[in-house]
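Please keep the sequence and the model in view while reading.

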Amino acid sequence: FRNRKIGSNMLKYLIDFARKSDIYNITLEVNEENLYAIKLYESNGFMKKALRKGYYNGNNGILMELIL
């Protein structure tokens with residue numbers, strides 16, 4: 001289902017909901033091998049904050065944050 005804007009629309013809805021709910025930041029974690037997800041998050045303003053070594057069965061996890 002890639003390239004159909006499903007993930008992008010869901011993420012934008014979540015961000016809008018968070019803003020309306022007076023939430024000031026969103027954090028998430030993603031497998032460093034999931035380049036499509038990382039690109040999606042970065043294109044929506046998320047920044048890489050930390051690396052969790054070996055978090056995903058040997059792959060690193062990337063902690064990302066969006067300040068609202």
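How many salt bridges does a search of the whole structure find? In this predicted model, the search returns 3 salt bridges, and they are set out below together with the accessibility of the residues that form them.

- Glu-29 and Arg-52 are joined through their side chains in a salt bridge, with an N to O distance of 2.5 Å.

**Strand 3 to strand 2**
- Glu-65 forms a salt bridge with Lys-49, and the closest N and O atoms of this pair lie 4.0 Å apart.
- Here too distant parts of the chain are linked, with Glu-65 in strand 3 (residues 59-67) and Lys-49 in strand 2, 16 residues apart.
- Are Glu-65 and Lys-49 buried or exposed? Glu-65 is buried, because its relative accessible area of 17% falls under the 20% cut-off, whereas Lys-49 counts as exposed, because its 52% is over the 50% limit.

**Glu-42 and Lys-48**
- The side chains of Glu-42 and Lys-48 also meet in a salt bridge, for which the N to O distance is 3.8 Å.
- Glu-42 has a relative accessibility of 39% and therefore counts as partly exposed, while Lys-48, with a relative accessible area of 48%, is partly exposed as well.

Conventions. Residues numbered from 1 in each chain as written. Predicted model: local features only at pLDDT ≥ 70, side-chain atom pairs only at ≥ 80, totals over all residues. Heavy atoms only, no water. Buried < 20%, exposed > 50% of the residue type's maximum accessible area, 1.4 Å probe, protein only. Helix = DSSP H or I, 4+ residues; strand = E, 2+ residues; numbered from the N terminus.
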